Amino acid sequence: MTIHVAPGLGDPDLRGEPASRDPYAVYDALRERGPVVLSSVHRAWLITAHAAVAGAHTRPELSSDRIGPMIDGGRVSLTQESLRVLSLMRDWMVVTDPPAHTRLRRVAAAAFKRQRIALMTDLIRDRVDELLDAFVRSGETDLIEHVAHPLPASLIADLLGAPREDRDRFRLWSDDLALVAFGAGGEAQEERHVRALSGLENMFGYFRELLERARSAADDTILSVLAVPQPDGTRLTDDEILSMSALLLFAGHETTINSISNGVLALLRHPDQLQQLKADRSLMPGAVEEMLRYDGPVKLVVRWVTRDLELGGEVLRAGDRAYLVNSAANRDPSVFDFPDSFDIRRSPNPHLAFGRGVHACIGAQLARIEMRVAIERILDRLPGLRLAGEPQWLPSLASRAMRELRVTHDAR
Ligand code: HEM
């Protein structure tokens with residue numbers, strides 16, 4: 001039996017303002033109707049229960065390839081340039097399935113392994129302090145624009161081996177790209193694609209030059225590691241290397257901005273938890289996990305059904321689309337006690353903020369360290385931190401993002 005969303009509730013538009021402002025009430029209502037329900041608004045199966053979402057992440061019948069059908073399907077007319085850029089995005093491991101995915105992921109994992117991410121704490125701390133110095137000096141109040149936003153792109157620029165002075169360009173490209181890849185920015189579909197394409201083209205041109213330099217540098221930057229054959233003989237083409245660099249930049253940008261700002265918001269809205277964390281910094285790793293569970297930056301990921309499968313009591317047919325709603329799974333009362341409470345001591349905390357299975361986030365360790373260090377420095381450097389105004393949530397299907405996070409503090 002197919003459970004359609006009940007007419008009384010309406011068929012919620014997850015991209016709209018009400019669902020973007022409070023997605024959790026919408027997810028609860030969906031989950032109560034069944035772990036897997038069919039939405040006619042989205043023409044997609046909405047998977048919201050923890051067990052069903054976790055299971056879906058590991059089902060080979062659910063494909064991550066969203067670009068191939070666009071290029072091969074002939075449904076959209078594409079310019080030569082768009083086709084070229086989409087072809088480059090097609091190599092993004094996040095939109096490939098095994099075995100192509102397995103090969104790309106192996107090389108990316110090797111490049112990440114060489115980064116000694118745990119040793120990056122000092123670098124991250126210095127960069128956050130630099131941003132906080134400027135924030136306090138300027139009297140600015142938006143923590144997103146002045147602290148959370150500039151941080152991740154500049155760190156990925158460092159990891160890739162790009163010169164420091166270019167880091168602002170990384171930020172612009174990532175913003176453009178997020179418009180398409182995360183469905184951010186509301187309804188202006190056409191303009192979105194134009195901006196995203198120009199972001200990608202500029203980025204590829206830039207990385208092409210950087211790649212030439214990386215080849216001769218033979219250091220440990222990600223670009224240099226990707227540029228040489230792997231010990232098992234795997235060798236990426238230049239296009240694959242450019243594509244991988246763009247993916248890393250993009251995937252680690254908006255997600256990290258939003259995880260830091262959503263995390264700070266959760267703390268400011270729960271003063272008792274904030275006080276506990278300030279009093280005992282050893283609670284920070286658990287607090288970060290709870291921030292990811294409670295209000296993570298990636299609400300859902302999209303899959304296409306390639307072969308019929310049964311999930312949560314429903315039969316999903318080849319050609320159907322499915323949304324794996326990680327953020328709904330993270331509030332499932334059958335897994336989390338008091339799921340709507342923000343509890344930095346929560347244990348165990350099997351949240352799905354980083355996904356599961358073969359596509360599970362490859363940057364999770366870096367993201368966690370960025371969150372820990374950035375939030376710790378924000379608390380240390382901005383005594384008396386408090387909210388100055390209610391946050392506005394950006395309408396978005398997949399991304400949980402505030403427009404701004406205005407704060408006041410007593411730092412001088
Ligand atoms: C808190 C921050 C982050 C969150 C919540 C997050 C979340 C996710 C999720 C849910 C996926 C799975 C996508 C899917 O199943 O289709 C994913 C994949 C990925 N993430 Fe992250 N991410 C974060 C930060 C980062 C960072 C910092 C980087 C890199 C610098 C990164 C790079 C990637 C890449 C390359 C993939 C694709 C992996 C694959 O397809 O095998 N992410 N991330």
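**Close-up views of a predicted model**

**View 1. Buried residues of helix α6.** The buried residues of α6 are H101, L104, V107, A108, A111 and F112. Seen down the axis of α6, these buried residues fall within an arc of 140°, so they line one face of the helix. The structure shown here and in the other views is a predicted model. Helix α6 comprises 14 residues, spanning residues 100–113. From the first C-alpha to the last, α6 reaches 20 Å, close to the 20 Å expected at 1.5 Å a residue. The cover over the buried residues of α6 includes α12 (222–227) and α13 (238–251).

View 2. The model contains eight aromatic pairs, counted with ring centres within 6.5 Å of each other. One of them joins Y24 and Y27, whose rings lie 5.9 Å apart, centre to centre, with 85° between the planes. This angle makes the pair edge-to-face, as planes over 60 degrees apart are counted in that class. Both residues belong to helix α2 (residues 23–33), where they are three residues apart, about one turn of the helix. An α-helix has 3.6 residues a turn, so residues three or four places apart point the same way. Y24 and Y27 are both buried.

View 3. F170 and W173 form a tilted aromatic pair, with 5.7 Å from centre to centre and 45° between the planes. The two residues are located in helix α10 (residues 167–181), three residues apart, about one turn of the helix. F170 is buried, as is W173. Together with Y206 and F207, F170 and W173 form one aromatic cluster.

**View 4. R331 over two tyrosine rings.** Over which ring faces does R331 lie? R331 lies over the face of Y24, at 3.7 Å from the ring centre. R331 also lies over the face of Y294, here at 4.4 Å from the ring centre.

**View 5. The protein donor of the iron atom.** Which residue supplies the protein donor of the iron atom of the ligand? The only protein donor is C361, through its SG atom, at 2.3 Å from the iron. C361 is found in the loop between α17 (326–329) and α18 (364–381).

How values were computed: Residues numbered from 1 in each chain as written. Predicted model: local features only at pLDDT ≥ 70, side-chain atom pairs only at ≥ 80, totals over all residues. Heavy atoms only, no water. Helix = DSSP H or I, 4+ residues; strand = E, 2+ residues; numbered from the N terminus. Expected span 1.5 Å × (residues − 1). Buried < 20%, exposed > 50% of the residue type's maximum accessible area, 1.4 Å probe, protein only. Arc of directions from axis to C-beta. Contact = heavy atoms within 4.5 Å. Phe/Tyr/Trp six-rings, centres within 6.5 Å; stacked < 30°, edge-to-face > 60°. Lys NZ or Arg CZ within 6 Å of the ring centre and 35° of its normal. Donors = N, O, S within 2.8 Å, 3.2 Å for Na, K, Ca; no water.
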